[in-house]
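Please read them with the structure open.

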Amino acid sequence: MSHLTDQHGHSTYLIELSNVNKTYNGSTDQVALSDITLKIPAGQFTAIMGASGSGKSTLLNLIAGLDRPTKGEVWVDGIRVNALGEAALARYRRKRLGFVFQFFNLLNQLSVLDNILLPAQLAGLQSKVAHQRARQLLDQLGITDKARVYPGQLSGGQRQRVAIARALINQPSVLLADEPTGALDSRSGDAVMELLAQINEKGQTIVLVTHDARLAAAYATRIISLRDGRIVDDSILQAPQHQAPSDLLHLHSEEAV
Amino acid sequence: MSLKFGILGLLAETPLHGYEVKTRFESILGHTWEVNIGQVYSTLQRLERDNWVEAVGERGDRGKQAYQLTAQGRQALDHWLSEPEAEPQQLHDELFIKLMLMRRLANGNLEGLIARQRRVYLQHLRNLAELERHARAENRPDLLLLIKGAVIHTEADIKWLDVCLEELTSLQPYHPDSEHQEEKP
Ligand SMILES: Nc1ncnc2c1ncn2[C@@H]1O[C@H](COP(=O)(O)OP(=O)(O)O)[C@@H](O)[C@H]1O
Ligand SMILES: [Mg+2]
């Protein structure tokens, strides 16, 4: 399978999956993804939608190198992820990826600041630089006053902000988020999506899984729909079109009295 | 939204002439709707004919006539306000017919039709999100209610599409012969 490149030999896409299959072997083989071909340019905010079991998490995990395709290729930021050995994979995940989960996955025995700093320490980032970035992220995500607090004392929405800051500390090429609003009420869900949209505005590529059509449409720019492990729709939404509020009401003005 | 009961409701507060009815009604609706002055006048005439409103005072300058509610009109208004709305929003019949025909005609690509329809709804949700941002910025709770209603309806439309897809694709492929046997001689 040829890998699309520009005239300098670099991929024109940040993420590229070609003819990817994923089958889980068990008592009966479970096809989680079949023949997925997908190209995502840098800077895009993509939402993956689909019913439970349609393969959304599997797709994200393949991009994250948390799982390997049964067939096909996964390229991210010029790296052939499916061909990496374990050590290289670990490095790839530390340096190029940020991952945000539905249930935050924060370490409760560490303060907010230390949670955010942890991936930087693991990646061997200079402590001064790491602290600088952490401060900046805390500020950007509106949780500066929570730096010394422990996750147990935070609301769901605040925990997810910490998780986003942690995912961004190593300035990843791609931010992956699997149902980041799934455990949040509607208001904090909107707030988290609003933050992700702001981060994307600054150039961060984001691939997010959600089953909330409203949130996907309101904040992402591209929506990919999966069904039974296949892509059934891939659409780029237009900039919001102006709509007169009167179009929202069906007023029977000509009714006979 | 009914102009008739809108007028009755406004006249229950104070007597008004036609143009005042128009501007007050528009303000109640958060200026989402331009009320046609001609319709206000013709509705007032019919309400007067039915004895739900009556003219008060003299005809003012340029023929302006104020109206007030009659006891009978008040009763009709109270009844209308206390009654729940009987009809929920209707489904989109045209899409339904399209789906049914697609299924019959040449094993139509339902997945494609539904995907295209879903795009339209997703774009609508995107537009509504923008409208919601404006309504919040302008502190317009009345508009927000309207927008949230539209959002919830659109979300339901998307869910319905998902159900259509699941149900229709789990059915046996359509065979013209099997469905119309009762029509054969
Ligand atoms: N580790 C696994 N072992 C076996 N089957 C799995 C595993 N992970 C996912 N699956 C199966 O693959 C399909 C897709 O799963 P998943 O990607 O988690 O879906 P989604 O995130 O859209 O709900 C499902 O049928 C699921 O049961
Ligand atoms: Mg999942």
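1. A residue is called buried here when its relative accessible area is under 20%, and exposed when that area is over 50%. The model is a predicted one, and the values in these notes are computed from it.

2. Helix H1 of chain B, residues 3–13, is the case to check against that cut-off. Eight of its 11 residues are buried, so the helix is largely enclosed by the rest of the structure. The buried residues are B:Leu3, B:Lys4, B:Phe5, B:Gly6, B:Ile7, B:Leu8, B:Leu10 and B:Leu11. Note that a lysine, B:Lys4, is on this list.

3. What covers the buried residues of H1(B)? The cover includes three helices of chain B, H2 (18–28), H3 (37–49) and H4 (71–82). It also includes the strands E1 (16–17), E2 (53–56) and E3 (66–69) of chain B.

4. Chain A has seven helices and 10 strands. Of its 257 residues, 52% count as buried. Among contacts in chain A with a separation of 6 or more, 68% are between residues 24 or more positions apart. Chain A exposes about 12000 Å², and carbon and sulfur atoms supply 47% of that area.

5. Two packed helices are described by the angle between their axes and the distance between the axes. In chain A, the axes of helix H3 (residues 112–122) and helix H5 (residues 156–168) come within 7 Å and cross at roughly 30 degrees. Angles under 35 degrees count as roughly parallel, and H3(A) and H5(A) are therefore roughly parallel to each other. Their crossing is right-handed.

6. Which residues make the contact of H3(A) with H5(A)? H3(A) contributes A:Val112, A:Asn115, A:Ile116 and A:Pro119, while H5(A) contributes A:Val162, A:Ala165 and A:Arg166. By class, five of these residues are nonpolar, one is polar and one is charged.

7. A:Glu179 deserves a look at its backbone. Its phi is positive, about 50 degrees, although the residue is not a glycine. A:Glu179 sits in the loop between strand E7 (174–178) and helix H6 (186–201) of chain A. Is A:Glu179 buried or exposed? Its relative accessibility is 11%, so A:Glu179 counts as buried.

8. A:Asp228 is another residue other than glycine with a positive phi, near 50 degrees. With a relative accessible area of 54%, A:Asp228 is exposed, whereas A:Glu179 is buried.

Definitions and conventions. Residues are numbered from 1 along each chain as its sequence is written. Chains are lettered from A and ligands numbered from 1 in the order in which they are written. This is a predicted model: local features need pLDDT of at least 70, side-chain atom pairs count only at pLDDT 80 or more; totals for chains, interfaces and linings use all residues. Side-chain values use heavy atoms; hydrogens and water are left out. Axes are lines fitted to C-alpha atoms, for helices over the stretch in contact, and angles run from 0 to 180 degrees between N-to-C directions. Helices (H or I, at least four residues) and strands (E, at least two) are DSSP runs, numbered from the N terminus. Angles under 35 degrees count as roughly parallel, over 145 as roughly antiparallel, 65 to 115 as roughly perpendicular and the rest as oblique. A crossing is left-handed if the near helix is turned anticlockwise from the far one by less than a right angle, and right-handed if clockwise. Contact means heavy atoms within 4.5 Å. Ala, Val, Leu, Ile, Met, Phe, Trp, Tyr, Cys and Pro count as nonpolar, Asp, Glu, Lys and Arg as charged, and the others, Gly among them, as polar. Buried means under 20% relative accessible area, exposed over 50%, partly exposed in between (1.4 Å probe, protein chains only). Accessible areas come from the Shrake-Rupley method with a 1.4 Å probe; for residues, only the protein chains shown count as cover.
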